[in-house]
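Please look over the sequence and the structure below, with attention to the packing of aromatic rings and to one of the helices. The briefing that follows takes these topics in turn.

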Amino acid sequence: MCWSFRRGSLKLPALGPHLNLLGLTALVWLASASQEVSFFIPECGVLPKELKSLVMETGPYYFVKNLPLHELITQEFINTFVKKGSCYALTYNTNIDEDNTVALLPNGKLILSLDKDTYEEAGLQGRPSRYSGKKAMKFIVSIDLMDLSSNPDSKKYERVSWSFKEKKPLKFDFLLAWHRTGTEESTMMSYFSKYQIQEHWPKVALSTVRDVQCPVLQSSELGGQPETSCSAPELFDWLGAVFCNADLNNEPNNFISTYCCPQPSTVVATAYLCTITGFILPEKIGVLLEQLSHYFDEPKLAPWATLSVQGFADSPVSWRENEHGFHRGGEHLYNFVIFNNQDYWLQMAVGAHDDCPP
């Protein structure tokens, strides 16, 4: 796995607190929507109503069955959704290492990861996947929808349209979501009404954890100090165990997990854990992160809080437009640790064969 760690402060006198955090988040957002968002707040028994309200408003998103790919390159679709907000799409129940997969990014790029036969039949210009090995079996095609729409009579648009409609018609089950800019009346439910479309809301799991052993952290010590504070990688491992509801006692008769909390640690009476699962847009995550950073506007017992974001394992992209390789686990994720003194840590990770995050 490739890691990137950094630390900084939210306090920028020229901009005011919190603005630096949102600017940094914009740089590290995964290019596509995310599958899971979790936050953990020690010494918290009741979630603030503002934060809880945002948690319940992280949707909706849509599932469209057997949607022809050519529907995503029509002038009407581009003008209605791509040009008037951030539109996201990802093929559902497809495996990046075995199947054809597609993602629509908020910048209007349509990314196709195609097997060799499909690529040759489609007749589109692309490049071999960097994860294909010596004999290319997967190819990446990138189509700029904004560029296509600027000249609908061009040979380029005609070729892409001919490929998707006649040469190699492709259909996929898609997850779709749209972040609107303005008060538009169009909705995806009505636009795709002639197809099998369902509206979904992310699943939210809220829980209070009692008497949990937490690592001791010092915001100025990203690498930790022996007997003083834990490091960022140690925290990341611990958070993974917490989110999986693993036992952290390291009891000799536990044959499932022998993991225990890193040292030094402290026991907190209560902690709040929230996990949101679905097709979650970066814009929603940014608002959640902003509100979480405001948690420390008033004095709190909690020394820090975390927000973790997990991308889809089988997305053809990870950070920005970087190609995503599955390898073993399909990881691409990041984690914010926000301290009560307005310092933060940012941890980013991808699989061992991916490009390192920014």
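Phe40 and Trp238 are both buried, a term that stands for under 20% relative accessible area, with exposed meaning over 50% and partly exposed the range in between (1.4 Å probe, protein chains only). The model is predicted, so local features need pLDDT of at least 70 and side-chain atom pairs count only at pLDDT 80 or more, whereas totals for chains, interfaces and linings use all residues. Residues are numbered from 1 along each chain as its sequence is written, and side-chain values use heavy atoms, with hydrogens and water left out.

**Aromatic pairs**

- The structure holds 18 aromatic pairs, counted where ring centres of Phe, Tyr and Trp (its six-membered ring) lie within 6.5 Å, with planes under 30 degrees apart called stacked, over 60 edge-to-face and the rest tilted.
- The rings of Phe40 and Trp238 are edge-to-face, because their planes stand at 85°, with the centres 5.4 Å apart.
- This pair joins strand 2 (residues 34–42), which holds Phe40, to helix 8 (residues 232–243), which holds Trp238, across 198 residues.
- Phe63 and Tyr92 also form an edge-to-face pair, since their planes meet at 75°, with centres 5.3 Å apart.
- Phe63 counts as buried at 14% relative accessibility, while Tyr92, at 43%, counts as partly exposed.
- Ring pairs link Phe77, Phe81, Trp178, Tyr191 and Phe192 into a cluster.

**Helix 6**

- Tyr157, Val160, Ser161, Ser163 and Phe164 are buried in helix 6.

Methods:
Helix = DSSP H or I, 4+ residues; strand = E, 2+ residues; numbered from the N terminus.
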